[in-house]
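Q: Hi, I'm new to this one. Could you walk me through it?
A: Happy to, let's look together.

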Amino acid sequence: MSDTAAARESPGEAPPDESGPEGSTSGEDGDEGYSGLLGAFRYGFGRSESTLFRLYALFSFLLGAALALVFALGLLSWFLATVGQSALVTTANAFLGVVALFVLGPLFAPVLFVARRHRRGESTPGYDAAHALTGVAFVVLLYAGIAISVPPQFQSADPGAVGAFLYSLPPLWGLAPPVVGAALVVVVHRLLS
């Protein structure tokens, strides 16, 4: 029998403590980490030393709550408008949920990444700030994508040079900026991990 196996089976000895920073969900103050999305926001906000990240966490929480309300109301009105119609029309309601997932996921991802790194004891203010910047970049690119896909009847009369350029692009190109922003969040996380 090996020494490590014998050490595990010794009745008088306690097992070695393997709950270092990598496996522990407890913080230095004895708190138990976080649970769920709201807990991750609270934990990341409280643990981060980056002011930029804290501002992003607050901004993304408020923006995410507003967008979730808009998506919920949109889904409700879409559902009420399609009551009694064919199954094909009513299953299109699920598309709004998919869109909500692709908008809210990248918006919240920087906060979730930072909270996870803090729980493991591996985060730095630079990592937190970098994720805040990727979150802001996603929001800007999401806005650009919305501007590109705005129907002509809803376009601003005096959009300025940037707005005029965005309005001139084909509406289908409106998908590209948010996809690039979401990819940027993931790429920065991979590079800094």
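Predicted model: local features only at pLDDT ≥ 70, side-chain atom pairs only at ≥ 80, totals over all residues.

**A first look around**

Q: How many residues are there, and what share is buried?
A: The protein has 193 residues, and buried ones make up 30% of them. Buried means under 20% relative accessible area, exposed over 50%, and partly exposed in between (1.4 Å probe, protein chains only).

Q: Which helices have the lowest and highest mean pLDDT?
A: Helix α1 (residues 3-9) has the lowest, at 45, and helix α6 (residues 125-148) has the highest, at 94. Over residues 1-30 the pLDDT is below 50, and this stretch has 19 contacts in the model beyond near neighbours in sequence. A contact is a pair with heavy atoms within 4.5 Å.

Q: What does the secondary structure come to?
A: Eight helices and zero strands. Helices (H or I, at least four residues) and strands (E, at least two) are DSSP runs, numbered from the N terminus.

Q: Of the contacts between residues at least 6 apart in sequence, how many join residues at least 24 apart?
A: That share is 65%.

Q: New topic: how much space lies in the largest pocket?
A: About 680 Å³. That volume is the space filled by probe spheres set on grid points, which are joined across faces, edges and corners. On a 1 Å grid over the protein atoms alone, a pocket is an open set of points where a 1.4 Å probe fits, with protein on both sides within 12 Å along at least five of seven lines; lining residues have an atom within 4 Å of a point.

Q: Which residues are closest to its centre?
A: Of the 26 lining residues, those are Val99, Val103, Leu142, Leu175 and Pro178.

Q: Which helix gives the largest share of the lining?
A: Helix α5, with seven residues. Helices α3 (51-81), α5 (93-119), α6 and α8 (176-192) each supply at least two.

Q: What classes of residue line it?
A: The lining has 22 nonpolar, four polar and no charged residues. Here Ala, Val, Leu, Ile, Met, Phe, Trp, Tyr, Cys and Pro count as nonpolar, Asp, Glu, Lys and Arg as charged, and the others, Gly among them, as polar.

Q: Why does Pro106 count as buried?
A: Because its relative accessibility is 13%.

Q: What about Arg117: buried or exposed?
A: Arg117 is buried, at 14% relative accessibility. This residue also lies in helix α5, and its contacts, beyond four places in sequence, are Glu122, Ser123, Tyr127, Leu192 and Ser193.

Q: And which residues does Val188 contact?
A: Beyond neighbours within four places, Val188 contacts Ala130, His131 and Thr134. Val188 lies in helix α8, and its C-alpha atom is 7.3 Å from that of His131.

Definitions and conventions. Residues numbered from 1 in each chain as written. Heavy atoms only, no water. pLDDT = per-residue confidence, 0-100.
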